[in-house]
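Dear colleague,

Please find the structure below, followed by an account of what was found in it.

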Amino acid sequence: MIFSTPVKFDENEWFVLTGLIIFLIIFWRLPKHFPPALTFMILLFTVNLGITADYILATEFPFDAYDALDTAKFDLFDFIMSNINYGLFGYVFIYFYDKWHVRGLIRFLYIAFWIALSVLMEFIATKLNVFTYNDWNLRYSFICYLFIFAYYILVLKIGKAAFNQYKNNSFIRER
Amino acid sequence: VEDITMVLGAIIFIIILEIFLIRMRKNLFLIEKLSIWIFLSTLNQNLLDIAISNLNLLEITNSQQMFWASFFNRFLLIPFLIILFVDIFFALTSSVKKIILFVTWIVLLSIIDRAVMWVGILNYHKWETWWSLVGWLCILIATLGCRKFLHYLLLKGKVVA
């Protein structure tokens with residue numbers, strides 16, 4: 001089997017599945033704001049960050065800071081969580097950041113709100129055995145989220161610059 | 001000291017590669033390069049997770065240097081090489097040249113796979129060389145598909161960013 005199956009379909013799988021449904025509905029219902037290519041790029045970046053962070057922090061070597069879901073194997077729900085849920089969560093952050101033109105002091109409040117929301121969700125996730133901490137705690141998560149949301153803002157800026165570069169030059173290189 | 005040397009080596013290598021990518025023929029836009037890079041990094045990460053955790057085909061060596069070497073290999077080196085492939089691919093007009101390019105890149109990437117094993121970055125349990133060849137063929141085709149899809153999205157997008 002390419003993906004191993006969960007040991008038992010219980011609360012942690014339900015958490016991932018519920019998150020998936022909620023984020024998909026939000027993503028579906030949000031009015032179009034970014035050009036499709038930019039949406040695609042933002043989703044790739046947000047998915048990649050989640051996967052990379054999990055890879056560095058959660059693999060057996062060098063840190064083994066936490067385990068996700070039932071086993072150390074990469075099961076279907078690991079795949080859904082890291083490849084869809086993380087990506088959509090990051091996208092929603094970026095979407096409202098850009099749509100509401102968050103600037104100045106509001107930016108800090110906005111990031112603080114999302115950090116609090118992320119820590120709360122992670123706290124619920126640990127209670128539901130989605131994450132099992134080995135050498136990790138929510139204080140570390142707090143610091144990580146600070147960097148993660150700063151990175152998302154950077155992704156938005158780079159993404160918009162890259163899209164505008166395409167928009168301004170695409171007529172020169174008609175393919 | 002070895003760790004610092006390795007990190008410095010990796011940084012110098014990345015800078016050289018970046019200069020090379022910036023200086024090379026610009027057939028791809030920045031948005032295409034970034035998207036392809038992250039697409040490949042994500043794809044590689046997922047495939048490696050499956051190969052290591054679920055299929056037990058590979059194992060990461062328990063050494064800090066090898067862990068980061070493996071990370072840089074998949075996160076930077078391989079994606080940059082494949083971006084270069086895509087860049088050249090869409091500049092070629094002859095089918096024969098495209099096939100030659102495909103074969104060259106598959107062989108090159110498979111040689112890197114072997115080198116990764118030889119250096120000890122990854123331990124291969126039951127790996128066959130032809131899996132590398134087929135694997136890279138699929139990844140190159142997937143990358144071209146990703147670029148086509150992105151191009152379709154770029155042409156479709158009319159909303160101002």
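Across the interface of chain B and chain A, zero salt bridges are found, a salt bridge being a side-chain nitrogen of Lys or Arg within 4 Å of a carboxyl oxygen of Asp or Glu. This is a predicted model, in which local features need pLDDT of at least 70 and side-chain atom pairs count only at pLDDT 80 or more, while totals for chains, interfaces and linings use all residues. Residues are numbered from 1 along each chain as its sequence is written, chains are lettered from A and ligands numbered from 1 in the order in which they are written, and side-chain values use heavy atoms, with hydrogens and water left out.

The interface does hold seven residue pairs in polar contact, both residues at pLDDT 80 or more. A polar contact is a pair of N or O atoms within 3.5 Å; within protein, one must be able to donate a hydrogen and the other to accept it, and residues adjacent in sequence count only if both atoms are side-chain atoms. On the side of chain B that touches chain A, helix H2 (30–54), helix H3 and helix H5 (129–156) each supply at least two residues. H2(B) gives the most to that side, with 17 residues. Helices (H or I, at least four residues) and strands (E, at least two) are DSSP runs, numbered from the N terminus.

In total, 46 residues from chain B and 41 residues from chain A take part in the contact, where contact means heavy atoms within 4.5 Å. The two chains bury about 3800 Å² between them, with 70% of it on carbon and sulfur atoms. Buried area here is the accessible area (1.4 Å probe) that two parts lose on being put together, summed over both.

Salt bridges

Over all chains, the whole structure has two salt bridges. In one of them, Lys160(A) is paired with Asp98(A), and the closest N and O atoms are 2.8 Å apart. Lys160(A) belongs to helix H5 (residues 138–169) of chain A and Asp98(A) to helix H3 of chain A, so the pair ties together parts that are 62 residues apart in sequence. Lys160(A) is partly exposed at 22% relative accessibility, whereas Asp98(A) is buried at 7%. Buried means under 20% relative accessible area, exposed over 50%, and partly exposed in between (1.4 Å probe, protein chains only).

In chain B, the side chains of Glu32(B) and Arg147(B) form a salt bridge of 3.3 Å, N to O. This pair links distant parts of the chain, with Glu32(B) in helix H2 of chain B and Arg147(B) in helix H5 of chain B, 115 residues apart. Both Glu32(B) and Arg147(B) are buried.

Charges over rings

Arg147(B) also has its charged end over the ring of Phe90(B), 4.1 Å from the ring centre. Likewise, the charged end of Lys98(B) sits over the ring of Phe89(B), at 4.7 Å from its centre. The criterion is that NZ of Lys or CZ of Arg is within 6 Å of the ring centre and within 35 degrees of the ring normal.

Aromatic pairs

The count of aromatic pairs over all chains is 46. For Tyr91(A) and Tyr95(A), the ring centres are 6.1 Å apart and the planes lie at 45 degrees, so the pair is tilted. The rule pairs rings of Phe, Tyr and Trp (its six-membered ring) if their centres lie within 6.5 Å; planes under 30 degrees apart count as stacked, over 60 as edge-to-face and the rest as tilted. Both tyrosines lie in helix H3 (residues 76–99) of chain A, four residues apart, about one turn of the helix. Tyr91(A) is buried at 5% relative accessibility, as is Tyr95(A) at 1%.

Trp68(B) and Phe71(B) have ring centres 5.7 Å apart and planes at 85 degrees, so this pair is edge-to-face. They lie three residues apart, about one turn, in helix H3 (residues 64–89) of chain B. Trp68(B) is partly exposed at 24% relative accessibility, whereas Phe71(B) is buried at 8%.

Chain A as a whole

Chain A has five helices and two strands, and from the N terminus its elements run α-α-β-α-α-β-α. Of its 175 residues, 50% count as buried.

With kind regards
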